[in-house]
Amino acid sequence: MKHTDNGWQTDSLGAGFEMKYIYQPDDYSGPVRCTVVRKRAKHQTGKAILYVHGFSDYFFQKEMAEVFTRAGYDFYAVDLRKYGRSLIPGQKMFQVRNLREYFADINSAISIMKDDKIEAVILMGHSTGGLTTSLYMTDEPSPLVKALMLNSPFLAWNMPPVLRNLAIPVISGLGRFMPNIRVHQKPDRGYAETLSAKYGGEWTYNTAWKPDILPDPDMGWVRAIHTAQQALRRKTIKVPILLMHSAESVKKGDDKEKYHRADAILDVYSISKYGKRLGDNVTEVSLEGSLHDISLSKKQIRECMYRTMLEWLKSKGF
């Protein structure tokens, strides 16, 4: 890990939020960096959240950070390499060949937290961030990480069995030799229309970092996701896990209204199936009416999420 010469800067989220770039060793595409964002609690307890975002995303959930800091938890988030704040001009967005590439970014954030006198880290991941953090916790996690909270983790592909069991392994295999070949998917901005203020939603965010239509992934990305999911089937996470997801998923043929009260990205039954197998201490919570990112759901639902997380942390002694 190499810190830049600059210290903490005021983040785009405004007062109380700071950010710092961390330059990592070059990879197959050239220079890479990650970005750590933090907000300190007024009365610090030595406990903190570390949030890892999902695919085609970055950290902008200001409200969530403020909920935790009011409760006495320092809050940190990392924009992974080639995402959000961490993008370098000319860089291919979201490019990855193995999700373990992100472990250096997570460890860099934890190193900063350690410098900030944090004694207990609660790792939190959304979607692909949930897959990445789960994989991290099965490999060589920092001993500072005491618990894992998952918000709709990407533990299985949301597609018919024939594609999931036949096409994905083939694409994954090809991705080893032809990682840059793009895998076309049908454009769909239905999920974005439930979020973005420009479509009548509640949230304003940088669409250069979080596009309305998910970009086509490449074969290397498919391979990275597939191999991570398969690895998790054979391993066990040792720390307590809070597994959160919507009660329903959007299915082909559903009307647009369902996008406002269900997971439009992943299959919640697969999340439940594989999530409960992640470790021996898993608490599962299904939230009726929530979106894929529960923290971006309607106010009453995300407030339920916040209560759930805080009560669970208290029950586990954190």
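This section describes strands, helices and selected loop residues of a predicted model.

The description begins with strand 7, which spans residues 120-126. Of its 7 residues, 7 are buried, so strand 7 is largely enclosed by the rest of the structure. The side chains are divided between two directions: Ala120, Ile122, Met124 and His126 point one way, whereas Val121, Leu123 and Gly125 point the other way. Residues of both sets are buried.

Strand 7 is paired with strand 5 (residues 47-52) and with strand 8 (residues 145-151). The pairing with strand 5 is parallel and comprises 6 bridges; here Lys47 stands opposite Ala120 of strand 7. The pairing with strand 8 is likewise in the parallel sense, over 6 bridges. Within this second pairing, Ile122 has Ala147 of strand 8 as its bridge partner, and Gly125 stands opposite Leu150. Between strand 7 and strand 8 the chain passes through helix 3 (residues 128-138), forming a β-α-β crossover that is right-handed.

Strand 8 is also largely enclosed by the rest of the structure, because 6 of its 7 residues are buried. Strand 8 is joined in turn to strand 9 by 4 bridges, and these two strands run parallel. The bridge partner of Asn151 in strand 9 is Met244.

Strand 9 (241-246) is also involved in the packing of helix 7, whose buried residues lie against this strand and against strand 10 (282-287). The buried residues are Val268, Ser270, Ile271, Ser272, Tyr274 and Gly275.

A contact between two helices was also examined. Two packed helices are described by the angle between their axes and the distance between the axes. For helix 1 (residues 62-70) and helix 8 (residues 299-315), the axes come within 11 Å and cross at roughly 35°. The crossing of helix 1 and helix 8 is right-handed. Helix 1 contributes Glu63, Met64, Val67 and Phe68 to the contact, while helix 8 contributes Lys299, Arg302, Tyr306, Met309, Leu310 and Leu313. Classified by residue type, the contact of helix 1 with helix 8 contains 7 nonpolar and 3 charged residues, and no polar residues. The spacing of such residues may be read against helix geometry: an α-helix has 3.6 residues a turn, so residues three or four places apart point the same way.

Ser56 is located in the loop between strand 5 and helix 1. Its phi is positive, at about 50°, although Ser56 is not a glycine. With a relative accessibility of 2%, Ser56 counts as buried, because the cut-off for burial is under 20%. Lys82 is located in the loop between strand 6 (74-79) and helix 2. Lys82 likewise has a positive phi, of about 70°, without being a glycine. At 0% relative accessibility, Lys82 counts as buried.

Asp116 is found in the loop that links helix 2 (103-115) to strand 7. The relative accessible area of Asp116 is 16%, and this residue is therefore buried. When neighbours within four places in sequence are left aside, Asp116 is in contact with Arg38, Arg40 and Tyr76.

Key:
Residues numbered from 1 in each chain as written. Predicted model: local features only at pLDDT ≥ 70, side-chain atom pairs only at ≥ 80, totals over all residues. Heavy atoms only, no water. Axes fitted to C-alpha atoms, helices over the stretch in contact; angles between N-to-C directions. Left-handed = near helix turned anticlockwise from the far one by under 90°. Contact = heavy atoms within 4.5 Å. Nonpolar A, V, L, I, M, F, W, Y, C, P; charged D, E, K, R; others polar. Buried < 20%, exposed > 50% of the residue type's maximum accessible area, 1.4 Å probe, protein only. Pairing = 2+ DSSP bridges. Right-handed = clockwise from strand over helix to strand, strands pointing away.
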